Amino acid sequence: MAESTTQQRPLMGWDKPELDLSNAQWQSSSRGQGDVQIAFVEGFIAMRNSGSPESPSLIFTPAEWGAFVSGAREGEFDLT
């Protein structure tokens with residue numbers, strides 16, 4: 001019974017695996033001047049705050065990443 005109270009359920013529609021990012025090769029954004037780093041892991045794109053790498057990373061599918069980048073280029077997101 002105690003097991004069921006400590007188990008976390010994935011968010012509705014969340015179909016991404018738990019990725020092991022411990023050996024990921026992180027790349028800085030903005031030619032090394034930005035606060036964001038990305039890594040390509042098992043077909044997904046992980047994004048983290050370079051100033052706080054121990055914080056949780058955002059995980060994108062390739063399609064989600066493309067939409068995010070496209071929106072950012074159009075000014076939909078403030079990346080500064």
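Residues are classed as buried when the relative accessible area is under 20%, as exposed when it is over 50%, and as partly exposed in between, with a 1.4 Å probe and protein chains only. The structure is a predicted model, in which local features need pLDDT of at least 70 and side-chain atom pairs count only at pLDDT 80 or more, whereas totals for chains, interfaces and linings use all residues. Residues are numbered from 1 along each chain as its sequence is written, and side-chain values use heavy atoms, with hydrogens and water left out.

The secondary structure of the protein chain comprises two helices and four strands, where helices (H or I, at least four residues) and strands (E, at least two) are DSSP runs numbered from the N terminus. Read from the N terminus, the order of these elements is α-β-β-β-β-α. Of the 80 residues of the chain, 26% count as buried. With contact taken to mean heavy atoms within 4.5 Å, 17% of the contacts between residues at least 6 apart in sequence join residues at least 24 apart.

The four strands make up an open sheet in the order E1-E2-E3-E4, with antiparallel pairing, two strands being regarded as paired if DSSP finds at least two bridges between them. Strands E1 and E4 (58-60) stand at the edges with a single partner strand each, so that one side of each has no neighbour in the sheet. Strand E1 (residues 27-28) is joined to strand E2 (residues 36-41) by two bridges, and serine 28 has glutamine 37 of E2 as its bridge partner. Between E2 and strand E3 (residues 44-49), the antiparallel pairing extends over six bridges, with phenylalanine 44 of E3 as the bridge partner of valine 41. These two strands, E2 and E3, form a hairpin with two residues between them, and glutamate 42 in the turn has a positive phi of about 50°. The antiparallel pairing of E3 with E4 runs over three bridges, and isoleucine 45 has phenylalanine 60 of E4 as its bridge partner.

Glutamine 37, which is found in strand E2, is buried, with a relative accessible area of 14%. The side chains of glutamine 37 and arginine 48 are joined by a polar contact of 2.7 Å, a polar contact being a pair of N or O atoms within 3.5 Å of which, within protein, one must be able to donate a hydrogen and the other to accept it, while residues adjacent in sequence count only if both atoms are side-chain atoms. When residues up to four places away in sequence are not counted, glutamine 37 touches Trp26, Gln27, Ser28, Ala46, Met47, Arg48 and Ser50.

Helix H2 (residues 62-73) lies across E2, E3 and E4 and runs at about 105° to E4; axes are lines fitted to C-alpha atoms, for helices over the stretch in contact, and angles run from 0 to 180 degrees between N-to-C directions. The buried residues of H2 are Trp65, Phe68, Gly71 and Ala72. Seen down the axis of H2, these buried residues fall within an arc of 130° and therefore line one face of the helix, the arc being that of the directions from the helix axis to the C-beta atoms. What covers the buried residues of H2 includes E2, E3 and E4, whereas the face turned away from the buried side carries the exposed residues Pro62, Ala63, Ala67 and Arg73. Just after H2, glycine 75 takes a positive phi of about 85°.
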